[in-house]
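Subject: Structure handover

Dear colleague,

Here is the structure I said I would pass on. My notes on it follow below.

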Amino acid sequence: MQTPSSNDKIIATAFKWSVLVILLMTTIIALLLGWQTKIPTKSEPIVQTVPDLPDIRTMTEQKPPKVIFTNITQQAGIDFIHQNGATGQRFLPETMGSGAAFFDYDNDGDQDLLLINSQYWETPKDQAQATMALYNNNGQGQFTNVTVSVGLEQSFYGMGVAVGDYNGDGWVDVFITTVGQNHLFQNQQGQFVDVTQSAGLADKPQWSSSSGFFDYDQDGDLDLFIANYIQWSKQLDIDVNYQLTGIGKAYGPPTSYQGTQNQLYRNNGDGSFTDVSQQVGLEVSHPTTHQPIGKALAVNFVDTDQDGDLDIFVANDTVQNFLFENQIASSGRFEEIGMMSGLAFDRNGQATGAMGADFAYYRNNQALALAIGNFANEMTALYLAEDTNQFSDVAMVDGIGPESRLKLSFGLVFLDYDLDGRLDLLQANGHLENEINTIQPSQHYQQTPQLFWNCGKDCRTQFIAVKAQQNNNDLFQAIVGRGLTYADIDNDGDLDILITQNGGRPLLLRNDQQLNHHWLRLKLKGKGNNQNAIGATVQLSVDGIIQTRQVMPTRSYLSQVELPLSFGLGSHSQVEWLNIQWPNGQQQRMTHPNIDQLLVINQE
């Protein structure tokens, strides 16, 4: 028989082992749960430590400069109204809006404006069907509607637009994506002719979103990439019958629909294109079902691995993003490395509702950044790569994350709105569901755009949100924002903004900054078929600080920005040098160019 003291020892020992076992099991369970919530696929996305963080001891409080954006839409002659076809049936395409493009269609040196329209599903008897609209700029920011006279009075359920001189004749052509049949319009000296059929682009109708011209194979002419969204039809939408409590029939998420494959068309050099998507490795399918998984809404072309050719980033809605590394020169194919690069998922290993995207060197160093506008409560992503193709999300530490969390962001661009030499970030916001506030009090259908001022490396955060109270700025109107683009419409050196609205009028916002900052704008003219030098990179040195820009109109969401490049110089009155890397790799250097002008540079 055991004594009380020996019993106590046995009980104490058993208790200790029980605690250890419980702790061990708890740890194992926590690790397993953490692994399951973090990893949505079999492979873990690469997570990096945040690069290049500022020293907290040197951080300073700064306020954004006083800059006014003035709404001049009506006085500038823009009378466009977007028609999304909504009549209460709540078909998903009605939520997505349309894009816009600034480009010089008539070669007079001014930035003209093309606004893409959707249409009625069934045209009312007393209504004309909606069409897109082309506005001619007189060089001072006044526009005239020339849609009919140039041959663009066309009606279809339009989504996005791409511009590029695909046949090398010196006139910029237009490609338009739709819910249905896409269209290529050849610019014949200011008149547009639909050449979709003869160009080999009349594929089966589907829902295409963003698109862009770029030279993927470095043969000197522009190829065409088309981002496709989901497999959709009216009947599928009716069958899904998505419901929200308090609303009833609602606009459903893309998770209820099958994904699609994107398309790459190689320019044959004779006015026609050939679909090489499968041949070059751009088709991504589920490893088990073998069904396409992409649900693309935005595309960017940028040399992420610094090897001299353009890679392709695709922002997908509710599924992983893609990064296609260009290995055409070595293997004839692209390799999808989104997961390995850190761009496939958010910081928690989850796919997001990615809408628009843009890239930039906003720190004025070698770190490449990619910003992605996401769904409400997901915050804007801001990926940064100090090393080649190794990105980490710095949205929180660089000041974008908390301010953007509640917004549902579509169009998104980097631009130097105050000409201080640092790229700022602007995004257009607006919800999908017009009655969202009845079930989510924190959400509104109309939302204000957001402008983030780039304060520089010595501030507490790289970006500071510009508040709506500043100067009663017209930029901060609550709208149903979708497409977003920019251009210097009045030739005064600063960048003006256009935001499209879903089912409403666009906002043309004139930049009325009066900071007396210097600037330099560049218009590049290349040799061969790529006369607008799409894909060229320019570096410019001011007081030892190097700014980098790329000639690439394909940015944002469904939209295209102007071709000329803008550099803000701040108070500096001299540019030390600028260096151009043309699309064929040729280097061209210029020292001490005159400033405060548009400088046209021909490839030597």
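A polar atom of the Asn316 side chain lies 3.1 Å from the backbone nitrogen of Ala296, and the backbone nitrogen of Lys295 lies 3.0 Å from a polar atom of that side chain. A polar contact here is a pair of N or O atoms within 3.5 Å; within protein, one must be able to donate a hydrogen and the other to accept it, and residues adjacent in sequence count only if both atoms are side-chain atoms.

This is a predicted model: local features need pLDDT of at least 70, side-chain atom pairs count only at pLDDT 80 or more, and totals for chains, interfaces and linings use all residues. Residues are numbered from 1 along each chain as its sequence is written, and side-chain values use heavy atoms, with hydrogens and water left out.

Asn316 belongs to strand β17 (residues 311-316); strands are DSSP runs of E, at least two residues, numbered from the N terminus. Asn316 is buried, with a relative accessible area of 0% (buried means under 20%, with a 1.4 Å probe and protein chains only). Leaving aside residues up to four places away in sequence, its contacts include Gly294, Asn321, Phe322 and Thr352 (contact means heavy atoms within 4.5 Å).

Thr95 also has a relative accessible area of 0% and is buried. It sits in the loop between β1 (69-71) and β2 (100-103). Beyond residues up to four places away in sequence, Thr95 touches Tyr251, Leu432, Arg482 and Asn502.

The largest nonpolar core has 73 residues, and Phe225, Ile312 and Leu524 touch the most other members. Its largest share, five residues, comes from strand β16 (residues 296-302). Such a core is a set of buried Ala, Val, Leu, Ile, Met, Phe, Trp, Tyr and Cys residues joined through side-chain atoms within 4.5 Å. Among the residues that Leu524 touches, not counting those up to four places away in sequence, are Val538, Ile580 and Trp582.

Val538 stands opposite Ile580 in β37. Strands β32 (residues 537-542) and β37 (residues 577-581) run antiparallel and are joined by five bridges; two strands pair if DSSP finds at least two bridges between them. Both belong to an open, antiparallel sheet of four strands, in the order β33-β32-β37-β38. β33 (545-550) and β38 (587-591) are at the edges with a single partner strand each, so one side of each has no neighbour in the sheet.

Regards

Key:
Buried < 20%, exposed > 50% of the residue type's maximum accessible area, 1.4 Å probe, protein only.
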